[in-house]
Amino acid sequence: MAEMADAGTTMSPMNKLRRHLRQLRYWRRLPSLATYRLRIVLRMAFLSLALAIVGLAISVLQQEKQLSYESYAQSFRKTQDQLAATLRHPAGQLALLNPNHAPEGGGLRPLLLPFPALDFDDQHKVRQAIAMSGCLAQVGPQGSLCAGIGNNPWAGGFIYVAGTFDSARLQPHARREPDVTQAHRVEVSVQIRGLHYRWIAPFEIPIDSAPSGGGMQGRLTGLNAQDAGKPNARPVRDFRGWIWQSPVCTSAGLAPGDAACRHSSFFSIRLPVGVLQDALFDQARPVWPPADLDKISVHVAVLPPGDGAPLLDTARDPVTPPFSLASLRAQLLPGETLAIALPGGAEIARIAGAANPAAPASPLLLRLIRRLPVETESAPLDSSTTVATPLGDYVLKLHGDARSVNQNLGVVATRVSWFVGAMLGALLLAWLVVEVGIIRPIGMLTRRANSVARTVKGSDSLAQLDFSDLRGRDELGVLASCLHDLLRRVHEDVEREEIRAEQERDMWHAVGHEIMSPLQSLMALHGNHGDQSLRYIQRMQQAIRILYGSASPGEAFQSGQVQVEDVDLQAFLHDVAAYAPSAGIADVRFTSHADGAVMARADLHALEDVITHVLHNADRHRTPGSAITMTLAVTERNATITIHNSGSHIAADLLDKIFEYGVSGRESGGSRGQGLFVAKTYMAKMGGTIAAHNTGDGVVDGVVFTLTLQRSA
């Protein structure tokens, strides 16, 4: 039984052959690699596009990193120059002298001025001093105030207040009149070290004072606030003040006598602060300026006669402070730090650039940016500058780090990554559309077309067309075999269309011949030069020649002809210089190193065209207000014309190329680089030469064009 089972399970040779044939038919039915060739190529193309987009994005990111590093280094140097220029300005000098000035605290605080004291009795000197120091603070819409102390402690420990306000004509206070509320007055108070000083200074006109030019001038008599209004109140001994009112109305169109006329008034006051004066004489070497200068508060109010609202009030009106060191923060880039040190080395201020607003940055992109190699080093940048002031030289130390560019670039790259992702998404969508909407239907069509081809395999119509060069095992090969009937009918339609087109061309040729014949007759009938019809026909022929011409501008200039003859360069250049303003070229001067006429071989019109092009070029690039000089020099054989203008140089690598067509050596301002090409072409046709070279050792000394012509025999 076991032997019978073994015999039953043993496959006979015939069965083995049948199984091999079935496997062979199965493998033959499977599509070969050639069937998927187009699909593979198409998919590889989409993959290459995706890789190209990613590679392009990385390449642009690397280039932007390089440019950002270089731009940061340039911006760092520019920031250094701007900071030094700002602090060398009077307003910057004042900020250096008052490093602890904190305008955000509000109110009016005295500043250390770059002067020992203010000459408060002289209006012009006070105005000039506060304008030069830059200490004026805007108070309200029309007022201004400057509060400060001198930089010399031995000037007396005074606080100076000066400013402007607008009011009607000033009402003076009558002498020996206890009531001060019936006159214009200034109320000043100072809070220092827990003490409160307060003065009321009514406006008074001295007996021997005479108004100048219609204006008003008077003193401010300082009274202690608690004594004001009392009989026999005595003025404060060291309090000094003056007011000067302009006679002109601040509003245009009003006369000084009008009720609505308001005048601009300027006042200057010296305040005696006892605590400061006592501190000066309590020790041999006083501390000046006071250490608590930024904590001293000054309040100023200008009151009209009666109980009206103040004309100017630092407690009511917003005070716009002058420039301070904190304002330098706006000039610093993110990551930069400015340290300001005293002449002795002590640091008085450290200002850091404003940080970038929080913006999302992809950590993955930041790591990628850090790994991108660039040529520029990302080491920290440091610079030091000295600024001179009346109290000594201050040292500015600016520190920056180009590596902070990575964060900014990461923010930008994060935003751009959305566009790259959108492009990759669009590419993926296009691949899906092609794969599902094109390749899949083509595969189905191939299978069905193959079935149709097997069905009509014996058809005579299929055998009549030769598609051996198109047949293959891929989809297009099967389609080519199945669609030969359709192509044959298309071929027949094309043949019929070609016959129709040929007949149409013959018809149009006949029409053209019939039109040209009457035109030739018209030419014969209107051939007289006095006939107006001939002129229009000639214009039409000229227009046709231009429209159908094939020569380029360069070829047109090269083919031009010149008529060389003897030309008097002396008279010719004199006329060119004289008529240059008529051509829009001003201040052209001609100088000759030869006596009498200088005859040279040239075409008069071509030479004028050459010199005009050179003069226009010199006029475009010369320094405004400078002259263009033409000089004539002769030798035994040649005559040399030099044209010089003062202006920017031509780049050294362009000196030999500016005479080529379409090349401009400097900022062209709309020029297409044609004039110098024409000049060189005409000079060569006249047997001469033209060259250009820069003059001087600097960058803006000028350019000289040299034209050489042969002298007449």
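**Figure 1. The charged end of Arg270 over the ring of Phe158.** In this predicted model, the charged end of Arg270 lies 4.1 Å from the centre of the Phe158 ring and sits over that ring.

**Figure 2. Arg127 over the face of Phe266.** Arg127 is placed over the ring face of Phe266. The distance to the ring centre is 4.2 Å.

**Figure 3. Tyr197 and Trp199, a stacked pair.** A pair of aromatic rings is described by two values, the distance of the centres and the angle of the planes. The structure holds five aromatic pairs. In the pair of Tyr197 and Trp199, the ring centres are 6.0 Å apart and the planes meet at 10 degrees, so the pair counts as stacked, because planes under 30 degrees apart are given that name. Both Tyr197 and Trp199 are buried.

**Figure 4. Trp199 and Phe239, a tilted pair.** Here the centres of the two rings are 6.1 Å apart and the planes are at 45 degrees, so the pair is tilted. Trp199 has a relative accessible area of 3% and Phe239 has a relative accessibility of 4%. Buried means under 20%, so Trp199 is buried and Phe239 is buried.

**Figure 5. The cluster of Tyr197, Trp199 and Phe239.** These residues are linked into a cluster by ring pairs. Trp199 takes part in the stacked pair with Tyr197 and in the tilted pair with Phe239.

Terms used
Residues are numbered from 1 along each chain as its sequence is written. This is a predicted model: local features need pLDDT of at least 70, side-chain atom pairs count only at pLDDT 80 or more; totals for chains, interfaces and linings use all residues. Side-chain values use heavy atoms; hydrogens and water are left out. Rings of Phe, Tyr and Trp (its six-membered ring) pair if their centres lie within 6.5 Å; planes under 30 degrees apart count as stacked, over 60 as edge-to-face and the rest as tilted. Buried means under 20% relative accessible area, exposed over 50%, partly exposed in between (1.4 Å probe, protein chains only). A charge sits over a ring if NZ of Lys or CZ of Arg is within 6 Å of the ring centre and within 35 degrees of the ring normal.
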